[in-house]
Every structure is written in structure tokens, then in C-alpha cells.
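Visitor: I am new to this structure. Could you walk me through it?

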Amino acid sequence: MRVVIAVDSFKGSLGSREAGEAVAAGVRAAAPGAEVAVLPVADGGEGTTACLADAWGASPRESVATDALGRPCRAGWALSPDGSTAVVELAAASGLPGVADVAPRPREATTLGTGVLLRAALD
């Protein structure tokens, strides 16, 4: 039997690969002879950079940016092995996880930090 496990991340707890490996452990326990493949996936939000970096063998990078409320933060992105393609996800700098410590303030929110990451990637 062949089983492909492709699950998205569990926001705030497990990344896609970690969640997939947990499911794979259950499949292997239930069907010891199964051939199991874990394929990390993402829906374009949080975890997308990690999934693409994993699939491409891309180098994870980190830059100083700003969160959605303009506070300094460190945010990750990835660069393909040949240096020709970068992956930057909006959630890394401008997403809700970065501002979960305060009450929602959508009128003050900005995506400037994502622009900072794009500039770092271009550099």
C-alpha cells in the first residue's frame, strides 16, 4: 500500500512537515508495510515559504523588517539554490501571528514589512 500525506500547517502549533510526519507515524503504526511519503503543502499563507524551501532545497534567510503594526521583527524568506528565485510570504512580516499579542487594530495595520522583505530578496 502507498500512502501520500499532504497536510497544511496547524497554525501556531505544527508546520506542514511536522504535521505530516505525525500523521505518517500513525499510518506506519496501523499499516507497518505501507510505503509512506510526506509532501508538505501550504495554501499561500503562513508556512508557504517553509514548504517551497523544503521542496526546492532553498536556503532559508531572515531579515529585520516590521510587523503589521510597524514594530521591528525578524521575518524569514527563502532563496532558491541558484539564487534566481526568492519566496516571500506576506504572513512572515505582516501576518496576524506577529500581532497576536495586542487587540486587533486593522486601521493601523501595514504591509510595509513585506516590502522590506521583498527589497532584501531583490538585493
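Predicted model: local features only at pLDDT ≥ 70, side-chain atom pairs only at ≥ 80, totals over all residues.

A short exchange of questions and answers follows.

Visitor: What does the C-alpha trace span along its principal axes?
Guide: The chain has 123 residues. Along the principal axes, their C-alpha trace spans about 55 × 40 × 15 Å.

Visitor: What share of the residues is buried?
Guide: Buried here means under 20% relative accessible area. The chain exposes about 7,400 Å², with carbon and sulfur atoms supplying 59% of that area. Of the 123 residues, the buried share is 29%.

Visitor: What share of the contacts joins residues 24 or more positions apart?
Guide: Contact means heavy atoms within 4.5 Å. Take the contacts with a separation of 6 or more. Residues 24 or more positions apart account for 55%.

Visitor: How far apart are the mean positions of the positive and negative charges?
Guide: The chain carries 10 positive and 14 negative charges.

Visitor: Which element gives the most to the lining of the largest pocket?
Guide: The largest pocket holds about 370 Å³ of space. Its lining takes two or more residues from each of α2 (48–56), β3 (59–66), β4 (72–79) and α3 (90–94). With 6 residues, the element that gives the most is β4.

Visitor: Which residues lie nearest the centre of that largest pocket?
Guide: The lining has 21 residues. Those nearest the centre are Ala75, Gly76, Glu89, Ala91 and Ala92.

How values were computed
Residues numbered from 1 in each chain as written. Heavy atoms only, no water. Buried < 20%, exposed > 50% of the residue type's maximum accessible area, 1.4 Å probe, protein only. Areas by Shrake-Rupley, 256 points an atom, 1.4 Å probe, with all protein chains shown as cover. Lys, Arg positive; Asp, Glu negative; His and termini not counted. Charge placed at Lys NZ, Arg CZ, Asp CG, Glu CD. 1 Å grid on protein atoms, 1.4 Å probe; cavity = no way out; pocket = protein on both sides within 12 Å on 5 of 7 lines; lining within 4 Å. Points joined across faces, edges and corners; volume = space filled by probe spheres on them. Helix = DSSP H or I, 4+ residues; strand = E, 2+ residues; numbered from the N terminus.
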